[in-house]
Amino acid sequence: MEATSNIEKKSETKEKTSIKTKLQRFGSKLSGMVMPNIGAFIAWGLITALFMASGWLPNKELAKMITPMVTYLLPLLIGFTGGNVVDGHRGGVVGAIATMGVIVGTNIPMFIGAMVMGPLGGWCIKKFDAWAQPRTKQGFEMLVNNFSSGILGMILAIIGFFGIGPLVSTLSGALAVGVNWIIAHNLLPLANVVIEPAKILFLNNAINQGILTPLGIQASAEAGKSILFLLEPDPGPGLGVLLAFMFFGKGTAKSSASGAAIIHFFGGIHEIYFPYVLMKPALFLSVIGGGVTGTFMFSLFGSGLKASPSPGSIISILLMTPKGIGNYIGILVGVTAATVVSFLISMVILKRDKSDDGDLAASQAALSSEKASAKGQASADASGTQASTDDAKAILATANEVNHIIFACDAGMGSSAMGASILRDKVKKAGLDLSVTNTAINNLKDEQGLLVVTQDELADRALTKTPSAVHVAVENFLNSPKYDEIVAGLKTKEVSGSTETEKPEETATTDKKEVAKEDDSLQNIDVTKIHTIDFIHHDQNVGSATMGRSIFKDNMKKAGIENVKVQHISVGEVDDEDSVLVIASRDTAKRIKLSFKNVQVLVVDNLMDAPEYDKLISEMK
């Protein structure tokens, strides 16, 4: 009976975790459409704050930009980005066309509609291409591609105009009425009971980007400001926790809290205080109490912002505050009150807690391990080792080559940018010639030679997106001992690599073998394994790759070979399997061989007229 009970508990935990993971992914997708365009939102907010009639520098002519930007520019950017995420530039174009339908079909800023139509447009054209490409006759590819995107975009725009637009408008209206009712009855502070824990559990994007920001922009367009922009970015609750650790914490948590407080409050990187709360879950009460208090004070003073601040620092918040001393006083009072309440609750919790805090990173590692056990899975790197527990140097020892490091977080800004900056400095000081960048986890592209650094909570999603990459999971982007391990591991590999290259005779022999392999590449292909043939294109040879695929496919059909898929794709879309034969020019083939270990490669001088085609087809028969 006890064993059965344990199984049921594990099943319930797994189900809850699955729901949480789905919400995280949903929020990440919403964020992936908004965050790349945040500069446009800030530009609109600044133009509004400066040039509207009640702004700092009223200008009737420049104020004419305000309405077109919020009505057309911002939703179209979201729609294009949503389609682009699903199916590249082609998907973005169809997503933008589809979004135009919901924009014209309603009389409110259509951000939610853009978040629906953008990805829908990308998905529809992607599915159409998968169906149409194998059936398109040689020479008609460009005609089909252009007209299909135009016709499909038109159909989706009409559907958006008559169906999706009015539906989303009704839904937005209902949500707005509900929010207005909550505000009118002074219940808005209760929203922070959900928002504050959601932030720490990486669910904030689903709430902020999916609900608060669209409704806030609608309210701001009508009233000039909205309190909804303050609910999630308020730095007060997190600052109170960090201040409490500065005075009443222990060990590493206490010594690192002051630096974290500066980064959080002025830099707007809220993720930096999450580990401190997770160390002692009772501190959830602190951030909830601070959030409720801050929102209550904002409501009391009638505070609001012109646009969503990003990042959520006090500087961004003040920049988005409407003109007027009363507005600034309300903002500062609300943030201060949130900080004080969060600090007082945290102080009581920390003073009553007699346990030894120990090291912050160690506590987080233990917590991550418990989370992984609860999920019934472990964060793993590409070779299957646990990235959250193994040291980074050992992980890198299993990698063939690392030439690019990417920090990935939920939105691709904030904490990942800070982490990338820290490691970039360490890499530079170590004399390593490597690029270190950051991105949103949804924008990761699988490729060889890539090292992905992400937080334990997001490690599984990063591994799913980039199975061929090397993965290192850290507890905290801004304070991880694994950065030194990464540098040490990379230095070790560099020394090992240079030792091997100090053998000129052997290198020359290898080069000769490589040349021989390219010159005689057809003899190195195992045709019995081939299930897919990829013609590789780039910006300069899209037409030749398309024509080459059509010619080769027609010749295969004439030879009676129908069980092999033939397609033209980019390098990034290649599947690294020995059942894949890549046909490419000599320069592109070199890149393929550096990026993939398992694919077979046929080097040709002319994609449209290669003598190797007839021999290959003959051997395949």
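Okay, V453 first: V453 sits opposite V472, and V472 belongs to β4. Strands and helices here are DSSP runs numbered from the N terminus, E of at least two residues for strands, H or I of at least four for helices. Pairing is also DSSP: two strands pair if there are at least two bridges between them. Quick caveat, this is a predicted model, so local features need pLDDT of at least 70, side-chain atom pairs count only at pLDDT 80 or more, and totals for chains, interfaces and linings use all residues. Residues are numbered from 1 along each chain as its sequence is written, and side-chain values use heavy atoms, with hydrogens and water left out.

Back to the strand. β3 covers residues 450-455, and with β4 it pairs in the parallel sense over 5 bridges. L451 is in that pairing picture too, opposite V470 in β4. Then there's β1, residues 404-409, which runs parallel to β3 and is joined to it by 5 bridges. There, A408 has T454 of β3 as its bridge partner.

Zooming out, the open sheet has 4 strands in the order β2-β1-β3-β4, with parallel pairing. At the edges you get β2 (435-440) and β4 (470-474), each pairing on one side only. From one strand to the next the twist averages 25°; for angles, axes are lines fitted to C-alpha atoms, over the stretch in contact for helices, and the angle runs from 0 to 180 degrees between N-to-C directions.

Now the other sheet. This one is open as well, 4 strands ordered β6-β5-β7-β8, paired parallel. β6 (565-569) and β8 (600-603) are its edge strands, each with pairing on one side only. On average, neighbouring strands are turned by 25° against each other, direction ignored. Inside it, β5 (residues 532-536) pairs in the parallel sense with β7 (residues 580-584) over 4 bridges, and D534 stands opposite V582 in β7.

What lies across β5, β7 and β8? That's α23, running at about 145° to β8. This helix, residues 612-620, has Y613, L616, I617 and M620 as its buried residues. They span an arc of only 95° around the axis, which puts them on the same side of α23; that arc is taken over the directions from the helix axis to the C-beta atoms.

Next, a helix pair. α6 (residues 192-200) and α12 (residues 284-301) pack at about 130°, axes 8 Å apart. The two are therefore oblique to each other (under 35 degrees is roughly parallel, over 145 roughly antiparallel, 65 to 115 roughly perpendicular, the rest oblique). Who meets whom? N192, V193, E196, P197 and I200 from α6 meet F284, V287, I288, G291, V292 and T295 from α12, with contact meaning heavy atoms within 4.5 Å.

Last stop, E61, in the loop between α2 (38-51) and α3 (66-104). Is E61 buried or exposed? Exposed, at a relative accessible area of 52%. F51 is 10 residues away along the chain, and the C-alpha atoms of E61 and F51 are separated by 8.6 Å.

Notes: Buried < 20%, exposed > 50% of the residue type's maximum accessible area, 1.4 Å probe, protein only.
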